[in-house]
Amino acid sequence: MLGLPLNNDSHMATEAAHNSQHPKKRHRAHHNKSRLGCFTCKSRRVKCDESRPICSSCSSRGEPCAFPDPPATSSKPIHSSTARREGLRSRVGSSPRNVRSYLEPLESYAAHPADVSAPANDDLSMDNLLSMQFFHMHTAPKMSLHSKRSMVWKRVIPRLAEKHHYLMHLLIALGGLHLITHRRRKKPGEDDDTDTVDLRVVMGHYQRGLQDFRNEVAEMSNSNAEAVYAGSLLLVAFVYASLLVPELNPAFTTATPVCVTYPPDFTIQTFPPIKGPQVSWLHLVRGASTVIQDQWPTLGASCMRPMVLHFHGDEYWKDLPFDSSFTKLSHCSFLVQLFAQGALQAVADLRAFHATFRLTRSYGLCLTPVSPSSMSEREVDGPSRAIDVLESIYSRIISVFQCSISEQGFPEDSDIQYNLEEAAVLNWPSLLPDTFIGSLEIDEPVDLTWGLSLTILSHFYAINTLVDRWFLGAFKEEILRIQKSVAILQHAGLNRCLLWPVKFATC
């Protein structure tokens, strides 16, 4: 009996008893799966090859590519509050360097506004947290209608700000300024439980961010081009939005209202006292394009690529056939219809006045004396070239209307706005000649050249009122400021040329 083998039932029972006393351990297969793939690939649940600055998958799909931070070398965990403080702490001990001149006018314009001083900032103050929260929830989503460019604002720029302190300061400054302007647009009695922030704290972040940004621009290379361009975008948006805040604009010297006679069908006769027009912001907007020109190959292969690639540039719009019929814009806003009906005629009126202006100057019939040495370059070339730029941008906008009609039949405002962004109509400051900018900045004496330049600028401002973005809300008032300034000259021809942009400011 002892030599016979056990039957199956008795064998299984023995195995079960043995396993119950010594359970087997289950071993999981080891793998080398990386946790450092880009966020886009993770969201799509695809393998990321982790090539930087942009992985192959995102490059082939044309999507923004952002990577998580590499794991810390120290085994000690970093507390989240410490990380936030490090992200907001500005660099100290940096020495000033020579930088491009286009940053200087902005610093003198907005760095030390009247009655607004910058206190020391607590990195974890409520103002800072509110500004950051408002940027993520409201500012970034409203910066672009294009999905990929919107993703840059919502994800790429905040990720860059975590690594570059000056970008974090500029991000907080923009979010805080947006929060302030949002609160001020609320009508009395309108319900709004949104907290507000101190303008001094906002300007403190702006000044700290601008100082380090200037240092980065002075040493710009392939390694920091992406962050510098992100800083340029934040600064440009901040400067546009700052025009909405009266405390950040210098006071105009003339306080008395100016009465201007308009045709009977136009209802505006007397304008209230308005501060003078602000033009120094143009320098920084023009400077942002310099970053693109110098580092375009690097930016075109980076996470900022959607911001620099506009597939419908000037060459595209110039080839379109012109059709003056815009009856299918009836579903669009009044501003769109107003632009479609009178934009090209407004440019023609400017050209006619400029031609008369040059002829008058040639025969010395102008009442305001101007030295001959300054006339050829500043008075003739600058305004003439500016009108050429104005006509090209206006024609591009008209072409946008035509394309929208071809695509949609009866387009809505959202269709128009999307195509205006794709056509990059807001890049007009970078196209203006330096001589024209110089003619805007003269103080004394004010003459017809200065008045003509401001009148041309008001026509460019009509473009900004047409584009529906929160940070462009000040340009209607800026047009009225120009009207008030030009009215001092009491020139009927300039007043007639101002009718077109003033209609945009008063509708």
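Which residues do ring pairs link into a cluster? Ring pairs join Y240, W281, W428, F460, Y461, W470, F471 and F475 into a cluster. Here rings of Phe, Tyr and Trp (its six-membered ring) count as a pair if their centres lie within 6.5 Å, with planes under 30 degrees apart called stacked, over 60 edge-to-face and the rest tilted.

The model is predicted, with local features requiring pLDDT of at least 70 and side-chain atom pairs pLDDT 80 or more, whereas totals for chains, interfaces and linings use all residues. Residues are numbered from 1 along each chain as its sequence is written, and side-chain values use heavy atoms, with hydrogens and water left out.

**Overall composition**

The secondary structure of the protein consists of 21 helices and zero strands; helices (H or I, at least four residues) and strands (E, at least two) are DSSP runs, numbered from the N terminus. Of the 507 residues in the protein, 49% are buried, where buried means under 20% relative accessible area, exposed over 50% and partly exposed in between (1.4 Å probe, protein chains only). Among contacts between residues at least 6 apart in sequence, 78% join residues at least 24 apart, a contact being heavy atoms within 4.5 Å.

**Aromatic pairs**

The structure holds 17 aromatic pairs. The rings of Y166 and F213 have planes at 50 degrees, so this pair is tilted, with 6.2 Å between the centres. Y166 lies in helix α8 and F213 in helix α9 (residues 199–218), so that the pair links distant parts of the chain, 47 residues apart. Both Y166 and F213 are buried. A further pair, Y461 with F475, is edge-to-face. Y461 belongs to helix α18 (residues 448–466) and F475 to helix α19 (residues 475–487), 14 residues apart. Y461 and F475 are likewise buried.

| Pair | Centre to centre | Angle between planes |
|---|---|---|
| Y166 and F213 | 6.2 Å | 50 degrees |
| Y461 and F475 | 4.8 Å | 70 degrees |

**Helix packing and helix length**

Two packed helices are described by the angle between their axes and the distance between the axes. The axes of helix α6 (residues 126–139) and helix α8 (residues 165–184) come within 7 Å and cross at roughly 80 degrees. Axes are lines fitted to C-alpha atoms, for helices over the stretch in contact, and angles run from 0 to 180 degrees between N-to-C directions. The helices α6 and α8 are therefore roughly perpendicular (65 to 115 degrees; under 35 is roughly parallel, over 145 roughly antiparallel and the rest oblique). Residues of α6 including L130, M132, F134 and F135 meet a set in α8 that includes M168, L171, I172 and L179.

Helix α10 (residues 225–242) has 18 residues and reaches 25 Å from its first C-alpha to its last, close to the 26 Å expected at 1.5 Å a residue. The expected span is 1.5 Å times one less than the number of residues. In α10, 18 of its 18 residues are buried. For the 20 residues of α9, the span should be 28 Å at 1.5 Å a residue, and the 29 Å between its end C-alpha atoms agrees. In α9, 15 of its 20 residues are buried.

**Positive phi values**

E50, although not a glycine, has a positive phi of about 65 degrees. E50 sits in the loop between α2 (39–44) and α3 (56–61), and counts as partly exposed at 28% relative accessibility. A424, also a residue other than glycine, has a positive phi near 55 degrees; A424 is in the loop between α16 (413–422) and α17 (434–440).
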